[in-house]
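Please read the points below alongside the model.

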Amino acid sequence: MAEHYKMAKAGKAGISRRSVLLGGASLLAAANILPSRAFAAGPGTNPGKYKIDLGGYTGPELTDAPITIKVMRQEFSPEINAPIEAAYTAFKEAYPNITIEEERVPYGDLAKKVQLYVASGSAPDIMMGSTELASVYAAGEIAVPLNDYFSADFIQDIYPAMRDAATIDGKVMCLAWESNSCFVYFNRDIFKRAGVETPPEVTDVDGGWTADQLLDAMRAITEKLRKEGDQTTFGMASSRFGNRGPGSNYSQLEGMWVRMMGDPNAPKDSTLFKTFAGISEDGLTASGYLDTPEAIQGMKNYQAMFNEGLTPKGVVVDHYKSGAAAIDFSSMAFANTFRKSGAPFEWGVSPPIRGNIPFASSVADAPFIYSGSQYIPEAAALLAFLLNDTNRRAFYDVRGSMPSRKSLTDESPAYKTDPVAILCANVGERAFGSPKSVGWLDYVNAVNPAVKDIALGVDVEERLHSTAAQIDRLLAKYR
């Protein structure tokens with residue numbers, strides 16, 4: 001078993017399978033903690049013929065012995081927890097020998113809990129991760145490759161950007177829980193009050209505003225409101241991502257200001273391509289990618305919102321939802337929340353903003369199976385059951401988010417008739433995953449403070465150059 005997890009697979013010079021997740025050489029002591037059994041055998045001989053609908057599962061029939069499967073995920077509100085709890089009940093009725101123990105943690109603590117569990121060598125069998133960390137899971141052999149336990153059809157059904165983000169060297173490391181690609185929401189009342197034309201309400205992803213058009217509209221709104229004596233309404237809502245406020249979440253939000261200035265179809269040696277890529281092909285160099293001329297301009301556009309008072313420099317809770325901001329970036333969940341609970345204003349949606357390309361991130365919460373699990377087939381089967389069509393429909397009905405699998409959107413009348421849902425699906429088809437790097441945690445831990453500094457007024461070019469160099473130094477341990 002120890003030979004199966006040679007540290008060399010996670011990098012040179014003793015970079016351990018856990019240090020890639022923990023992101024620091026000081027934690028290399030965790031390297032000697034090995035999982036209790038190797039990966040289980042591949043698919044069984046009768047895929048799909050189980051005691052219950054196990055969705056995309058194709059592994060062996062489950063054990064008859066009494067076992068316990070541990071699951072760690074984020075806490076939801078009671079109505080969203082309910083369909084997950086109902087799924088556990090149905091699974092246990094079919095497999096009464098399998099006990100399910102669930103740990104729910106605040107969303108912001110998920111990544112930290114995964115790190116602590118992996119360092120301990122005794123982690124839950126299923127943990128909620130993220131597609132942006134698939135390279136980390138693979139390099140450290142932290143997660144079980146799921147190709148041997150899920151059908152190719154099921155995996156292929158996942159929206160391309162989320163599937164590709166979770167796939168490293170052909171191995172699927174995690175499965176997207178839901179789709180949350182963002183587009184523009186606007187407050188129609190504020191635009192009308194300021195006498196400013198609203199963004200285009202179209203379902204074509206290429207039909208949205210440019211970054212310059214967005215900034216000009218916010219300037220016009222802010223100027224009019226301030227002349228009226230309104231000092232509390234802003235053009236752009238305070239970020240509600242991550243820890244909230246500027247520098248809160250480069251992967252899902254602020255990175256779009258940079259990567260939209262690039263072009264994935266440009267020559268690979270061009271600054272346009274490197275700007276979009278965000279990191280070198282081997283995932284180990286940020287200089288010349290994070291700090292290109294195009295990236296610098298993108299961050300100057302971002303900084304302008306703060307320098308000109310178009311958005312707050314601090315945190316404002318529920319800024320857009322409360323009716324105090326003209327524009328926000330969000331996913332389908334906003335629309336479903338407004339329709340279910342109402343909104344204090346008239347609202348509309350528009351495609352993602354554009355630089356050289358329209359850009360939306362496809363980062364998604366994604367459960368994975370811990371490689372140290374003693375019950376890998378059973379954990380895979382439980383995960384597959386949670387993700388089967390029936391259980392996903394029940395979850396999306398109350399959650400209000402867009403499915404991560406195309407077949408579930410295709411079957412829904414809303415995604416054929418509702419312009420908001422159609423736009424959401426079109427954005428999902430065109431969204432992009434995060435840059436892939438074994439040191440992605442190092443990358444974002446360096447770039448998020450840089451983005452906050454930029455929002456607070458530091459020199460953009462100097463800060464991006466120094467941050468890229470800092471990331472290069474951090475990633476050197478993985479060479």
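**Notes on the predicted model**

1. Helix α17 (residues 419-430) lies across β6 and β9 and runs at about 150° to β6. Axes here are lines fitted to C-alpha atoms, for helices over the stretch in contact, and angles run from 0 to 180 degrees between N-to-C directions. Contact means heavy atoms within 4.5 Å. Helices (H or I, at least four residues) and strands (E, at least two) are DSSP runs, numbered from the N terminus.

2. On sources: this is a predicted model, in which local features need pLDDT of at least 70 and side-chain atom pairs count only at pLDDT 80 or more, while totals for chains, interfaces and linings use all residues. Residues are numbered from 1 along each chain as its sequence is written, and side-chain values use heavy atoms, with hydrogens and water left out.

3. β6 and β9 belong to an open sheet of 4 strands with mixed pairing, in the order β7-β8-β6-β9. Its edge strands, each pairing on one side only, are β7 (234-236) and β9 (347-350). From one strand to the next the twist averages 25°. Strand β6 (residues 183-187) runs antiparallel to β9, and 4 bridges join them; two strands pair if DSSP finds at least two bridges between them. Phe-186 has Gly-348 in β9 as its bridge partner.

4. Strand β1 (residues 67-74) is largely enclosed by the rest of the structure, because 6 of its 8 residues are buried. Buried means under 20% relative accessible area, exposed over 50%, and partly exposed in between (1.4 Å probe, protein chains only). β1 pairs with strand β2 (residues 98-105) in the parallel sense, over 8 bridges. The bridge partner of Met-72 in β2 is Glu-103.

5. How many residues of α9 are buried? The count is 10 of 10, and the helix is mostly covered. Among these buried residues are Glu-254, Trp-257 and Arg-259. The elements that cover them include α8 (211-227), α10, α11, β8 and α18 (440-455).

6. A search of the whole structure finds 10 cavities of 30 Å³ or more. On a 1 Å grid over the protein atoms alone, a cavity is a set of points where a 1.4 Å probe fits but cannot get out, and a pocket is an open set with protein on both sides within 12 Å along at least five of seven lines; lining residues have an atom within 4 Å of a point. Grid points are joined across faces, edges and corners, and a volume is the space filled by probe spheres set on the points.

7. The largest cavity has a volume of about 150 Å³. It is lined by 18 residues, of which Met-236, Ala-237, Ser-239, Leu-253 and Met-305 are the closest to its centre. α9 (250-259), α11 (293-307) and β8 (325-330) each give two or more residues to this lining. By class the lining has 11 nonpolar, 4 polar and 3 charged residues. Ala, Val, Leu, Ile, Met, Phe, Trp, Tyr, Cys and Pro count as nonpolar, Asp, Glu, Lys and Arg as charged, and the others, Gly among them, as polar.

8. The second largest cavity has a volume of about 70 Å³. Its lining includes Cys-182, Phe-183, Leu-253, Phe-329 and Ser-361. α9 provides the largest share of that lining, 3 residues. The classes are 9 nonpolar, 2 polar and no charged residues.

9. The second largest pocket has a volume of about 1100 Å³. Of its 40 lining residues, Ser-135, Ile-168, Glu-281, Lys-436 and Ser-437 are the closest to its centre. At least two lining residues come from each of α4 (134-139), α6 (160-166), β4 (167-168) and α10 (271-277). The lining divides into 22 nonpolar, 8 polar and 10 charged residues.

10. Leu-272 sits in helix α10 and counts as partly exposed, at 27% relative accessibility. Beyond its neighbours within four places in sequence, Leu-272 is in contact with residues including Met-261, Ala-266 and Asn-356. The C-alpha atoms of Leu-272 and Met-261 are 7.2 Å apart, and the two residues are 11 apart in sequence.

11. Two backbone angles deserve a look. Glu-141, not a glycine, has a positive phi of about 50°; it lies in the loop between α4 and α5 (152-157) and is buried, with a relative accessible area of 15%. Asp-318 also has a positive phi, near 50°. Asp-318 is in the loop between α11 and β8 and is partly exposed, at 43% relative accessibility.
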